[in-house]
Amino acid sequence: MNEALRPLLSAFGADALERPGWLPWLALASLVALIAALRRRPASIAWSAMPEALAAGARRFDLAPVLARALRMGALLALAVVLAGPVGVHRAPPEPGRGLDLVLVVDASGSMRALDAELAGERRTRLALAREVVARFAQQRAAEGDRVALVVFGETAFTLCPLTSDGALLSATLTRIEAGVAGEATALGEALALAVKRAGASETAAGRVAVLLTDGRHNAGAVSVEAATALAAGDRVRVHTVAIGSAGEDVLMERGAGAAARGLRFERHDVDAAALAAIAAGTGGRFFAARRSSDLAPVYAEIDRLERPARIFPPRTRKRDRPEPWLAFAGGCLLAELAFSRVFSRRLP
Amino acid sequence: MSGVAHPEWLVPAAWALLGAMFAVGVARRRAARRLARLMGGEPALSTAARDAALLLALAALLAALIGPRGGERERRVEASGIDLVLVVDVSHSMDASDTPPSRLARARRAADELLTQLAPGDRVALAAFASRGVLLTPLSPDHEALRALLGGLDTELITPRGSALAQGVRAALGAFEAGSERPRVLLVLSDGEDSERGRDLPLAELARAEVRVLAAAFGSEEGAMLSDHGAPLSDASGRAVVTRRTLEPLERLAAATAGEVFRSDAFGALEMGLLARSLHRDAGRTGGLVVRSERTVQVWPFAALAFALLLLEGLPVPRLPRTGVRAALATTALLLLAAGPLTQEAALRLQQAGLARLERGDSDGAVRALQAAALVTRDPALAALAYYHLGVAQLDAGRLEEARTAFFDALALAPEDAQARFDLEWTLAALQRRPPPAPPDEAPSAPREKPAPRPAPIANREPTPGERRESPPSPAPLGAEERQRLLDRLPDDPSRALRLHARGSAGETAPHTGGPAW
């Protein structure tokens with residue numbers, strides 16, 4: 001009974017009935033009442049002469065009473081559902097802090113404007129692709145009970161979003177990053193150190209992981225890559241590094257704002273694969289190179305596969321009464337019935 | 001405000017009822033006139049009872065829809081930290097220096113101090129409002145990061161200028177997680193100046209989301225002038241604008257949600273201890289149980305009345321129904337009456353079957369039977385017993401988490417059950433004793449299980465030093481002092497992040513889509 005009703009229930013914002021056993025009996029009672037009402041003789045005057053009746057505006061078949069009965073049945077059935085107790089079952093989010101703490105570090109330096117990525121058949125910047133892939137990854141992990149933070153870097157690094165389980169807000173935040181938002185250069189060391197700082201908020205996490213995505217080489221900031229790697233290793237933050245972009249080729253750049261806005265430009269940016277590999281090796285992570293844009297999503301899928309701790313999430317659900325849509329429907333039916341049977345259709349007592 | 005679940009439907013419902021009564025009344029007069037013309041007399045209307053029944057049914061239905069509250073239900077939930085959203089007023093009036101250096105600086109300082117006093121399990125989000133409200137960060141346990149972000153709050157953050165408290169509260173509501181049991185608190189840090197004077201505050205939404213609103217009011221009643229590029233800010237007629245602390249909107253928010261308003265003293269300081277205690281009012285000790293009482297909405301009696309009236313109105317009252325119908329009615333009534341005892345019986349039988357299986361050592365079978373027993377019965381005592389036995393069966397099967405859930409359920413139904421409480425505590429202790437699942441890497445250089453070979457998704461991945469695991473070059477770990485120095489030296493410019501967040505359009509204040517967020 002409950003199974004068959006589920007699509008209908010969910011259309012009205014409920015997931016189950018608290019007293020499903022009541023529904024058939026209440027529906028049966030409604031049906032009996034309806035049949036009894038139909039057997040009642042209509043309160044009308046029998047005309048003996050049809051032509052006169054037709055001339056006076058009588059119809060052979062009057063829709064109004066049928067409609068009134070149908071509306072009454074609708075109201076009764078909706079009320080029957082209300083009495084059976086429609087509830088919405090929320091799956092309560094897992095108590096936070098027992099999954100992984102993930103810090104996603106995204107390069108937003110000027111070179112991320114390179115137009116060598118492809119997204120849904122369109123030529124886009126590297127950053128657009130990275131935003132898309134990282135957002136999907138973040139949202140998925142947050143939904144599974146992990147906490148995710150975002151660090152963005154260019155000439156300097158900043159925390160765009162501290163650790164959170166709110167995947168929707170996190171990915172909304174991610175879409176606001178633009179190339180050059182933190183300066184044009186690449187402060188790899190600072191970014192990594194900041195990621196370690198952000199990852200260290202909780203003692204209860206099952207593990208701490210940072211994923212560093214970049215297309216350049218360290219050329220700014222006060223923290224060296226080596227010092228940052230040592231910091232990560234000391235704090236037991238595993239760092240996976242992802243190099244993005246075609247190395248050793250000139251690529252067309254998107255026109256940026258300000259000084260970068262003049263005409264077509266080709267630039268060459270070499271990603272420092274050795275440094276990234278060293279970071280990964282020093283912290284127990286892995287280094288990935290996504291030369292082509294189609295490689296980036298598989299890289300994050302692989303990271304997702306690598307980072308699978310055993311999770312203890314007890315099932316948590318919470319029920320909420322959801323009678324309102326049904327009550328509103330019943331009320332609408334009743335008002336319409338009143339209108340039809342008492343106002344629009346003529347009647348004599 | 002707190003009397004009904006949906007105060008916003010009161011007026012439409014009243015109009016619907018009045019309209020229906022008027023229409024029925026007019027229809028009755030018309031019918032009576034028509035009959036009088038036909039019969040030439042003044043007959044009595046025999047349908048008065050039917051009309052009255054219909055209108056009464058409509059009234060009951062509308063009452064159920066409005067959701068009158070009555071009675072309280074106690075719910076036991078696992079204690080956890082609070083979910084707090086700091087809503088900071090960044091309107092121009094917060095620049096006023098009646099609590100030096102400025103109201104906003106005082107608010108920032110208070111928020112900063114508060115963040116240091118929170119428990120580790122508390123989660124905090126940051127929202128700000130001026131002409132519109134913006135949720136700046138999602139709920140996060142990282143209080144340090146939020147303290148850093150506070151420094152980036154200034155009155156230039158949100159343009160255009162304005163002071164829309166309601167929008168700030170709405171934006172903040174977007175931070176709360178659907179279905180979460182954690183106590184929800186909003187802390188508004190403001191001078192209370194609101195362009196709408198607190199008229200459009202989302203009080204019903206706050207009540208539905210079970211959010212308490214605390215407010216910290218900064219500024220003074222005497223007020224202060226505002227500076228506009230060095231000169232006093234003046235209005236259209238050239239008079240200097242004086243901004244004053246206005247408690248009224250904040251007090252409305254607090255009163256509607258069982259919150260409190262804390263006023264800063266003449267120097268802009270707050271009673272931080274009281275504030276922190278009030279914030280944690282609903283949070284229990286971590287690991288224990290907290291009793292939450294919630295007011296129940298009485299839909300059922302009204303819906304039942306409406307159903308009965310609609311049913312009876314359709315029945316031909318003057319003449320008794322024929323035998324067949326009468327028999328059907330009698331059967332229905334009997335079956336309805338019997339449904340209760342029948343399920344009771346089934347629950348008892350299931351429970352006995354479960355206990356028998358448990359004794360035989362078939363704990364999985366016992367779990368299935370006892371789950372069914374708990375679900376089938378409507379008698380709370382019986383259900384509590386079933387849940388208790390279910391917990392024992394789960395323990396027998398070695399499933400600690402499930403056992404804990406079952407004991408929780410048992411206690412929620414029968415809070416006085418000492419045996420269930422003891423078993424729950426034992427289970428919780430056992431859960432804590434059990435080592436958490438080992439993180440994949442205990443030490444950075446520890447050898448890890450090689451991932452199973454699988455078709456490489458990455459076509460051009462090179463073998464890298466990271467994968468040559470034989471001799472990973474372990475960097476020398478930093479000393480504690482060196483580490484701290486490095487972390488302290490890190491620049492983390494808060495204004496960059498905040499600018500990015502604040503730039504989101506007004507439509508982004510509620511990023512949760514698809515139904516209400518709680």
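**Figure 1. Arg19(A) and the ring of Trp22(A).** In this predicted model, Arg19(A) is placed over the face of Trp22(A), at 5.5 Å from the ring centre. The ring of Trp22(A) also takes part in an aromatic pair with Trp300(B). Trp22(A) has a relative accessibility of 23% and therefore counts as partly exposed, since the buried class ends under 20%.

**Figure 2. The aromatic pair of Trp22(A) and Trp300(B).** Over all chains, a search of the whole structure finds three aromatic pairs. One of these is formed by Trp22(A) and Trp300(B), with 5.8 Å centre to centre and 80 degrees between the planes, an edge-to-face arrangement. This pair crosses between chains: Trp22(A) belongs to helix 2 (residues 22-39) of chain A, and Trp300(B) belongs to helix 9 (residues 300-314) of chain B. Trp300(B) is partly exposed, because its relative accessibility is 37%.

**Figure 3. Leu305(B) in helix 9 of chain B.** Helix 9 of chain B also contains Leu305(B). With a relative accessible area of 41%, Leu305(B) is partly exposed. Its C-alpha atom lies 9.9 Å from that of Ala59(B), although Leu305(B) and Ala59(B) are 246 residues apart in sequence.

**Figure 4. The six-stranded sheet of chain B.** The strands of this open sheet follow the order 4-3-2-5-6-11 in chain B, and their pairing is mixed. Strand 4 (133-140) and strand 11 (260-263) of chain B are at the edges; each has a single partner strand, so one side of each lacks a neighbour in the sheet. On average, and with direction ignored, neighbouring strands of this sheet are turned by 15 degrees against each other. Within the sheet, strand 2 (residues 83-89) of chain B runs parallel to strand 5 (residues 184-190) of chain B, and six bridges join them. Val87(B) is opposite Val188(B), a residue of strand 5 of chain B.

**Figure 5. Helices packed on the sheet of chain B.** Helix 5 (residues 165-173) of chain B lies across strand 2, strand 3 (123-129), strand 4, strand 5 and strand 6 (211-217) of chain B. The direction of helix 5 of chain B is at about 30 degrees to strand 4 of chain B. Helix 7 (residues 248-256) of chain B also packs on the sheet, where it touches strand 5, strand 6 and strand 11 of chain B. Between the directions of helix 7 and strand 11 of chain B the angle is about 145 degrees.

**Figure 6. The hairpin of strands 3 and 4 in chain B.** Three residues connect strand 3 of chain B to strand 4 of chain B in a hairpin. The two strands of chain B pair in the antiparallel sense over five bridges. Phe129(B) has Gly133(B), in strand 4 of chain B, as its bridge partner. Strand 4 of chain B stands at an edge of the sheet, yet this strand is mostly covered, with eight of its eight residues buried.

**Figure 7. The six-stranded sheet of chain A.** Chain A contains eleven helices and 13 strands. Six of its strands form an open sheet of mixed pairing in the order 7-6-3-8-9-12. The edges are held by strand 7 (157-164) and strand 12 (287-290) of chain A; each has a single partner strand, so one side of each is without a neighbour in the sheet. Neighbouring strands of this sheet are turned by 15 degrees against each other on average, with direction ignored. Strand 3 (residues 100-107) of chain A and strand 8 (residues 207-214) of chain A run parallel and are joined by seven bridges. Asp101(A) has its bridge partner, Arg208(A), in strand 8 of chain A.

**Figure 8. Helix 9 of chain A across the sheet.** Helix 9 (residues 273-283) of chain A lies across strand 8, strand 9 (238-244) and strand 12 of chain A. Relative to strand 9 of chain A, helix 9 of chain A runs at about 160 degrees.

Figure 9. Arg141(A) is located in helix 5 (residues 126-143) of chain A. Its relative accessibility is 0%, so Arg141(A) counts as buried. The C-alpha atoms of Arg141(A) and Leu102(A) are 8.7 Å apart in space, while the two residues are 39 apart in sequence. For chain A as a whole, 58% of the 349 residues are buried. The accessible surface of chain A is about 14100 Å², and carbon and sulfur atoms account for 56% of this area.

How values were computed
Residues numbered from 1 in each chain as written. Chains lettered and ligands numbered in written order. Predicted model: local features only at pLDDT ≥ 70, side-chain atom pairs only at ≥ 80, totals over all residues. Heavy atoms only, no water. Phe/Tyr/Trp six-rings, centres within 6.5 Å; stacked < 30°, edge-to-face > 60°. Helix = DSSP H or I, 4+ residues; strand = E, 2+ residues; numbered from the N terminus. Buried < 20%, exposed > 50% of the residue type's maximum accessible area, 1.4 Å probe, protein only. Lys NZ or Arg CZ within 6 Å of the ring centre and 35° of its normal. Pairing = 2+ DSSP bridges. Axes fitted to C-alpha atoms, helices over the stretch in contact; angles between N-to-C directions. Contact = heavy atoms within 4.5 Å. Areas by Shrake-Rupley, 256 points an atom, 1.4 Å probe, with all protein chains shown as cover.
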